[in-house]
Amino acid sequence: MCGIIGVIGKEDPVHALLDGLKNLEYRGYDSAGLALKNYYQIQVIKSVGKIANLEEKVSDTSLIPAFLGIAHTRWATHGSPSEVNAHPHTSGKVTLVHNGIIENAKEIKERLVQEGISFVSDTDTEVAAALINFYYEKDAIQAIDLALNDIVGSYAFLILFADSNQLYALRKDSPLVVGVSDHGNFVASDIVAIASWTRQYFLLEEGEIAVLSDSRVDVFRDGKTVEKNILTLDQNDGDSSKGQYEHYMLKEIMEEPMVIEKTLNSILDHLDTFSDLTQYEQIHIVACGSAMYAGMIGKSLLEEYASFPVICEVASEYRYKNILYDRKTLVILISQSGETADTIAAMRKAKDASVDTLAIVNVKTSTLARESDRQIFIEAGPEVAVATTKAYILQVFVLALLSYQTAVSKGMVHDSSVLVEARKLPQMISEVLNRRDEYIKIAEKIYSQENIFFIGRKIDYAISLEGSLKLKEVSYIHSEAYQAGELKHGTISLIHEGMPLIAILTQEDILKKTLANLEEAKSRGAMTIVVSNQSIPFYDMEILVPKVNAFLQPILVVPCLQLLAYEVAKMRGCDIDKPRNLAKSVTVE
Ligand code: G6P
């Protein structure tokens, strides 16, 4: 959500800025802009829509020679997506870009208006620029500090001052990574934005201000210099190319066998140390979006096979609820990015209550990874498509292993076939993914529909939630998932002739019950599609997946639903990797 990059001391900063913005596109945005600076002037160029529009505008503009620049992709919060609201914003001597939300922008603006300061945009960011400029005399850091005393909210700022040749960077709740090299210094919301220019970096912490010049980077906290430990990016991290694939979503689905293998190898050796949950009496699983739906599968598995009481809750609710903890509560936070604002707030709430926190997270340098008590890393690598696929599968995989290990520790499961079958998963997922033609045939039958429902019970219901979310996110078809038994308490009134109903049927104990619900819908005209691990005749269409141990079964079902959503979205001509209004990394609440 919003992407930031700044460059200083590099030849051709424009190229680096635009390249960086493209690598941040995945975060979601609706306008973009950049500012260039030399010793005498600052030039700002902005445009609405795709970065290609900004590129076109830049190439049509006579650019100033510059050694310094900042750029931004904006996901509108305060004010519509328009050129005037796009970043950078300038007030007096200050030009800045911002990721986050200034919660008391209205109050600050009223105060500044009284001081005779005028505004051109509807944004909270322009208010921040005006406030820093208001305090600015000669000392940039002092002006920033004074402004921060007034500001309530979240931010990552890159700030230029008209009479300074340095770039200032600071953050709270939104990440910033600083890249260093002997051919320029860089700062961005994500390492992928600068990985093609340098692999040496450090993470800026809250409360620090980085001052970048062409030949050095200084970091200060409370007026004192901070020594930062320079890290080196792994060879594979930051590789976010699309390769031979038409879309990132497809590439990332196709990577699922590989990342399952990688994750299994990385966690198998310490399975019993990380997964012995029996010291706790209750578990809270907290996350947002697909990560929460992965958590729903974890809840089902822990309840069903380890008789463990589990609450699974969306983080935006959890953080504001009256949660009843006891000392034997474990809070599991799940997140691909590790930067989702609500999930981080939920973790901090748990820590404030002195209960243990465990993060299942992909980005190892993220806030969630750094602040949680314990971590299990999934090895998804960079995930670029806004709608998560491979990271979700890995979250489910880790939860399956956790649940299995807990069931073993509690003496409820005795055989080790899960681990044997886990080794076979990459091959089995590949088989599922290789049947793309079947999913295309089903997609052809349903892609022009306005509504598609999913049903399931227990774990199948949790799977349905993700299948439905994936479909609506990328294809814009209205879709809902229902507990199969609930269908007739209202929703069945929406079933009409030819409307697709997708039933997930992988649990033998409950199969007949869900089938009865499917039958009810079929007899009212629904186009019935069955996804199962056993052949079930008499329905309109069928997706058959290999049968595996119940702990692992969801991992073979969801890839079909992901591919189905992908094919449907492709047939509808949707912007698959960057669906409208969505952001990959939701860094504001
Ligand atoms: C956004 C993404 C989803 C993701 C959710 C949680 O809504 O579009 O794909 O599931 O955020 O993100 P996280 O990084 O915390 O897993």
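1. Asn 185 is buried, because its relative accessibility is 3%, under the 20% cut-off. The model is predicted, and this residue belongs to strand S10, which covers residues 185-188.

2. The side chain of Asn 185 has polar partners in the backbone. One of its polar atoms lies 3.3 Å from the backbone nitrogen of Ser 181, and the side chain reaches the backbone oxygen of Ser 213 at 2.9 Å. Beyond neighbours within four places in sequence, Asn 185 contacts Gly 6, Val 7 and Ile 8, then Gly 179 and Val 180, and also Leu 212, Ser 213, Asp 214, Ser 215, Arg 216 and Val 217.

3. Contact between them involves 8 residues of domain 1 and 8 residues of domain 2.

4. About 690 Å² is buried between domain 1 and domain 2, with carbon and sulfur atoms giving 50% of that area. On the side of domain 1, Tyr 26, Asp 173 and Leu 203 supply 54% of the area buried against domain 2, more than any other three residues.

5. The interface of domain 1 and domain 2 holds 3 salt bridges, and 2 residue pairs are in polar contact between these domains, both residues at pLDDT 80 or more. The side of domain 1 that touches domain 2 has 4 nonpolar and 4 charged residues, and no polar ones.

6. The salt bridge count comes to 34. One of these pairs is Glu 255 with Lys 251, at 3.3 Å from N to O; both residues are buried.

7. Asp 509 and Lys 458 form a salt bridge at 2.7 Å, N to O. Asp 509 sits in helix H17 (residues 508-522) and Lys 458 in the loop between strand S21 (451-456) and helix H16 (459-475), so the pair ties together parts 51 residues apart in sequence. Asp 509 is exposed, at a relative accessible area of 54%, whereas Lys 458 is partly exposed at 32%.

8. Helix H17 also takes part in a second pair, Lys 488 with Glu 520, whose closest N and O atoms are 3.6 Å apart. Lys 488 lies in the loop between strand S22 (478-483) and strand S23 (500-505), 32 residues from Glu 520. Both count as partly exposed, Lys 488 at 44% relative accessibility and Glu 520 at 23%.

9. Salt bridges with shared partners join Arg 171, Lys 172, Asp 173, Glu 206, Arg 348 and Glu 371 into one network.

Terms used. Residues numbered from 1 in each chain as written. Predicted model: local features only at pLDDT ≥ 70, side-chain atom pairs only at ≥ 80, totals over all residues. Heavy atoms only, no water. Helix = DSSP H or I, 4+ residues; strand = E, 2+ residues; numbered from the N terminus. Buried < 20%, exposed > 50% of the residue type's maximum accessible area, 1.4 Å probe, protein only. Polar contact = N/O pair within 3.5 Å; in protein donor to acceptor, adjacent residues only side chain to side chain. Contact = heavy atoms within 4.5 Å. Buried area = accessible area lost by both parts, 1.4 Å probe. Salt bridge = Lys/Arg side-chain N within 4 Å of Asp/Glu carboxyl O. Nonpolar A, V, L, I, M, F, W, Y, C, P; charged D, E, K, R; others polar.
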